[in-house]
Amino acid sequence: MTTNWAGNIIYCATEIHCPSSFAQVQELVARSNRVRALGTRHSFSDLADSPGVLISLSHLPSVAEIDAAASTATVAAGMRYVELARHLDGAGFALPNLASLPHISVAGGCATATHGSGWCNGNLATHVSQVDLVTANGDLVTVGRNDHDGGDRFNGVVVGLGALGVVVSLTLDLVPAFEVRQHVYHDLPLQALEGHFTELVSCAHSVSLFTDWGASRLTQIWIKQRTDQPEPAILDTPWFTAQPADGPRHPVPGMNPVACTAQLGVAGRWFERLPHFRPDCTPSAGEELQSEYLIPQEHAIPALRALDRVREKIHPVLQICEVRTITADELWLSPCYRQHSVSIHFTWIADTAAVLPAVALVEAQLAPFGARPHWGKIFTSSPKMLYERLPDFRDLVRELDPTGKFGNAFTRRHLALHA
């Protein structure tokens with residue numbers, strides 16, 4: 001029996017293969033009737049499952065070929081961000097941002113528009129400039145941002161949810177390596193965000209707000225500032241009454257902070273501070289379920305007010321809620337498509353039956369704001385009507401996968417593909 005990372009999804013695939021070369025991936029795809037790619041399994045939905053064959057990318061060579069002149073790196077799809085980051089940093093380069101945990105694979109993070117935080121930072125998929133994928137007939141196809149079609153087809157491929165083929169490598173845009181200081185503050189009333197939300201979340205390279213919804217307050221604020229940029233001015237404003245932590249903190253109350261990246265303003269390399277969690281430790285709470293919804297930034301305060309009104313029903317099954325910001329992009333199935341977004345992330349207890357009513361309640365509260373769920377998390381409402389380019393994506397699927405080889409229950413349910 002094979003499960004996802006959290007154990008809430010049991011894969012129904014009849015075979016799992018771990019090819020060690022692109023040619024082996026091509027052969028497996030060509031001879032399989034139904035097939036999907038499998039990354040580090042950090043999806044809480046059945047997105048990655050297949051009714052036939054699963055192809056794990058974990059055994060592909062962990063290679064990152066850096067083009068210093070172009071400031072790009074071509075990366076094997078199964079490579080994890082922690083491995084990639086160390087390689088890039090050693091060559092003097094960095095990625096513009098990272099997700100809260102570095103354990104995930106590059107292809108999986110990009111295919112689902114996974115993200116970190118930052119007023120000017122896009123999700124991980126926005127770093128991609130080229131995708132190499134194996135399509136239904138076993139061909140290796142390259143799609144780039146600067147292709148002859150002006151990149152529009154590329155915008156449909158990058159956040160592909162595994163529905164277009166098996167991605168075997170990606171080319172990523174790089175920036176010069178940098179250092180970051182991380183400070184944690186605690187106890188800020190939600191009311192303080194009225195009129196100051198933008199000021200707070202844009203004050204540093206990356207800002208995360210946490211609450212357990214036990215009260216109308218932020219339990220913690222994580223501020224990650226590049227050392228080559230000035231310290232946030234908000235720290236000296238009268239409305240910012242949060243207190244600096246006197247020691248390391250874990251965002252989940254009661255959890256040991258040893259699993260978290262270094263805090264207290266100690267400078268470190270970009271990949272050692274931008275994630276919340278260390279790669280050698282179990283990320284987050286470990287035993288958990290997750291949901292996440294992205295809304296336009298202008299609706300942040302009304303959305304938080306709506307959740308505050310039902311916090312007594314959310315709090316009993318919640319471990320922690322995190323609020324982050326992500327800038328807009330042009331990727332068709334990105335939850336940030338053409339909207340600067342605020343993400344509201346829920347880390348729930350590991351009890352599906354108890355959590356699902358709370359998920360439905362959250363969705364009802366956030367529905368007026370056009371909340372788009374993260375594709376790899378738990379959600380119950382269909383997001384189909386929230387993506388204006390979904391018809392174009394369906395056309396792209398019909399072109400690259402006319403028989404539905406890469407389809408599964410998830411793509412039928414939420415994208416109406418090969419229904």
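Is Asp173 buried, partly exposed or exposed, and what is its relative accessibility? Asp173 counts as partly exposed, at 24% relative accessibility; buried means under 20% relative accessible area, exposed over 50%, and partly exposed in between, using a 1.4 Å probe and protein chains only. Welcome to this structure, which is a predicted model: local features need pLDDT of at least 70, side-chain atom pairs count only at pLDDT 80 or more, and totals for chains, interfaces and linings use all residues. Residues are numbered from 1 along each chain as its sequence is written, and side-chain values use heavy atoms, leaving out hydrogens and water.

**Salt bridges**

- A search of the whole structure finds 19 salt bridges, each being a side-chain nitrogen of Lys or Arg within 4 Å of a carboxyl oxygen of Asp or Glu.
- Arg145 forms one of these with Asp173, with the closest N and O atoms 2.9 Å apart.
- Arg145 sits in the loop between strand E8 (140-144) and helix H4 (152-157), and Asp173 in strand E9 (residues 166-173), so this pair ties together parts 28 residues apart in sequence. Helices (H or I, at least four residues) and strands (E, at least two) are DSSP runs, numbered from the N terminus.
- Arg413 and Asp46 also meet through their side chains in a salt bridge (2.7 Å, N to O). This pair links distant parts of the chain, 367 residues apart: Arg413 is in helix H11 (residues 409-415), and Asp46 is in the loop between E2 and E3.
- Arg413 is partly exposed at 41%, whereas Asp46 is buried at 18%.

**Around Ser129**

- Ser129 belongs to strand E7 (residues 128-134) and is buried, with a relative accessible area of 14%.
- Leaving aside residues up to four places away in sequence, the residues that Ser129 touches include Arg145 and Asp173; contact means heavy atoms within 4.5 Å.

**Asn123 and its polar contacts**

- Asn123 is found in the loop between helix H3 (106-111) and E7, and is buried with a relative accessible area of 0%.
- The Asn123 side chain makes a polar contact with the side chain of Asp329 (3.1 Å) and with that of Ser334 (3.1 Å). A polar contact is a pair of N or O atoms within 3.5 Å; within protein, one must be able to donate a hydrogen and the other to accept it, and residues adjacent in sequence count only if both atoms are side-chain atoms.
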